[in-house]
Amino acid sequence: MINGLTGLVITKYDKEYNIVRRTANFYFSYYPAVIVYPRDISDVVNAINWSRKNGLNIRCRSGGHNYEAFSVADDAVVIDVSNLLDFEIDTKRGYIRIGSGYTQEQLHFKVTEYGFAFV
């Protein structure tokens, strides 16, 4: 636990660190200072404030599939939003509000379940 950070916080000392720090492209290998998996928006705010207070760069990751690995960096704070899966749909007005943690595959199945086309 790091004072000021909330959500699931992974550091270099955690056994899962070497797995969760990686991206889909194994050519790149970065070592972030900390990886935060927020449960809600307040965890995101805490991670941003903590990063600023400690002078650390921030990277946001949703899915980790960026081929250039822009979602990670050495000694940065990675905010992995993959757990932010809010979903609100209004079929009468024709809009959907989704959390930023959805992958395209997850979103495809969720949207088509309600009869909407996935583009």
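In this predicted model, strand β3 pairs with strand β4 (residues 77-80) in the parallel sense, over four bridges. Within this pairing, Cys60 has Ile79 of β4 as its bridge partner. Helix α2 (residues 41-53) packs on the sheet, where it touches β2 (34-37), β3 and β4. The direction of α2 makes about 170 degrees with that of β4.

Four strands make up an open sheet in the order β1-β2-β4-β3, and their pairing is mixed. The edges are formed by β1 (8-11) and β3 (58-61), each of which pairs on one side only. On average, and with direction ignored, neighbouring strands of this sheet are turned by 20 degrees against each other. β2 runs parallel to β4, to which three bridges join it; here Ile35 stands opposite Val78 in β4. The pairing of β1 with β2, by contrast, is antiparallel and spans four bridges, with Thr11 opposite Val34 in β2.

Arg61 lies in strand β3 and counts as buried, because its relative accessibility is 3%, under the 20% cut-off. Beyond its neighbours within four places in sequence, Arg61 is in contact with residues including Val20, Arg21 and Arg22, Ile35 and Tyr37, and Val78, Ile79 and Asp80.

Technical notes: Residues numbered from 1 in each chain as written. Predicted model: local features only at pLDDT ≥ 70, side-chain atom pairs only at ≥ 80, totals over all residues. Heavy atoms only, no water. Pairing = 2+ DSSP bridges. Helix = DSSP H or I, 4+ residues; strand = E, 2+ residues; numbered from the N terminus. Axes fitted to C-alpha atoms, helices over the stretch in contact; angles between N-to-C directions. Contact = heavy atoms within 4.5 Å. Buried < 20%, exposed > 50% of the residue type's maximum accessible area, 1.4 Å probe, protein only.
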